[in-house]
Amino acid sequence: MTTTFPDIFPDISISTERLSLRPFDEEDIPALAEMMNDELVVAWSPVPHPYTRSDARHWVTSTAPAERASGRGIVFAVSEFLTQRLVGTIHLYDTDWRCRSTEIGYITAPWARGEGYASEAVLATAQWLFHDQRFERLELRTAADNTASQQVAQKIGCISEGVLRNAGIVRSRCADGRWTESRTDLIVWSLLPEDLDGVAGRVMDDSGYAAYPDWR
């Protein structure tokens, strides 16, 4: 008997030893706007710049909920479990429900970098996808020069599949302070359920994750 799943992700939260992955709420708007104006976020992501509180409010109240409601994916705010301070965001998108595959993107706030939070959040998301949602593939694309993002992919066990030449756009700051865009190659990474064997212990001190229906 084949198990069937609805073509929409459940409204859930995921917890690890240090982090909570949950839906965004309006209290996140100031921290989200501050995070998105960080220079590395501007350089490596397509977010508007400057990123205003109006942009953050639209993301929190409209864009993020619509991703789940439409079946395209799901967006998580990542916060410290104890302090609830916004650590970053996880975004699943371009979901193919027939193939049980989806693509992941992530952003980490400047103050939270270097703590292993990105790896912990992405790994917890992958475990939930494979174990609870029965997905078979998670894909990640990183700009060729974005070594920090590539280290996250390697740390959680992703396999590099190849290069999409000239397929992305990044930004750099000029001497006069202006931002300019240029094209870049994208490295394609994939993660399959079997790739997670033995990975969790190298990334997190705890045994895994817990997922639970969101109560709001």
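Leaving aside neighbours within four places in sequence, Leu 32 is in contact (heavy atoms within 4.5 Å) with Phe 24, Tyr 51, Ala 56, Trp 59, Val 60 and Leu 86. Leu 32 belongs to helix 1, residues 29-36, where helices (H or I, at least four residues) and strands (E, at least two) are DSSP runs numbered from the N terminus. With a relative accessibility of 0%, Leu 32 counts as buried, a term that stands for under 20% relative accessible area, with exposed over 50% and partly exposed in between (1.4 Å probe, protein chains only). Between Leu 32 and Ala 77, which are 45 residues apart in sequence, the C-alpha to C-alpha distance is 9.2 Å.

The model is predicted, and local features therefore need pLDDT of at least 70 and side-chain atom pairs count only at pLDDT 80 or more, whereas totals for chains, interfaces and linings use all residues. Residues are numbered from 1 along each chain as its sequence is written, and side-chain values use heavy atoms, with hydrogens and water left out.

The secondary structure of the chain comes to six helices and nine strands, and 49% of its 216 residues count as buried. Of the contacts between residues at least 6 apart in sequence, 67% join residues at least 24 apart. The chain exposes about 11,200 Å², of which carbon and sulfur atoms supply 50%; accessible areas come from the Shrake-Rupley method with a 1.4 Å probe, and for residues only the protein chains shown count as cover.

Helix 5 (residues 147-155) has Ser 149, Gln 150, Val 152 and Ala 153 as buried residues. These residues cover an arc of only 155° around the axis, which puts them on the same side of helix 5; the arc is that of the directions from the helix axis to the C-beta atoms. The buried residues of helix 5 pack against strand 5 (101-108), helix 4 (117-131), strand 6 (137-143) and strand 8 (179-191). Gln 150, at 12% relative accessibility, touches Thr 142, Ala 143, Ala 144, Asp 145, Ile 187 and Trp 189, not counting residues up to four places away in sequence. Just after helix 5, Gly 157 takes a positive phi of about 100°.

Five aromatic pairs are present in the structure, a pair being rings of Phe, Tyr and Trp (its six-membered ring) whose centres lie within 6.5 Å, with planes under 30 degrees apart counted as stacked, over 60 as edge-to-face and the rest as tilted. The rings of Phe 9 and Trp 97 form a tilted pair, with centres 4.8 Å apart and planes at 50°. Because Phe 9 lies in the segment before strand 1 (12-15) and Trp 97 in the loop between strand 4 (86-96) and strand 5, this pair ties together parts that are 88 residues apart in sequence. Trp 97 and Phe 135 form an edge-to-face pair, at 5.5 Å centre to centre and 80° between the planes. Phe 135 lies in the loop between helix 4 and strand 6, 38 residues from Trp 97. Trp 97 is buried, with a relative accessible area of 12%, as is Phe 135 at 1%. Phe 9, Phe 76, Trp 97, Trp 128 and Phe 135 form one aromatic cluster.
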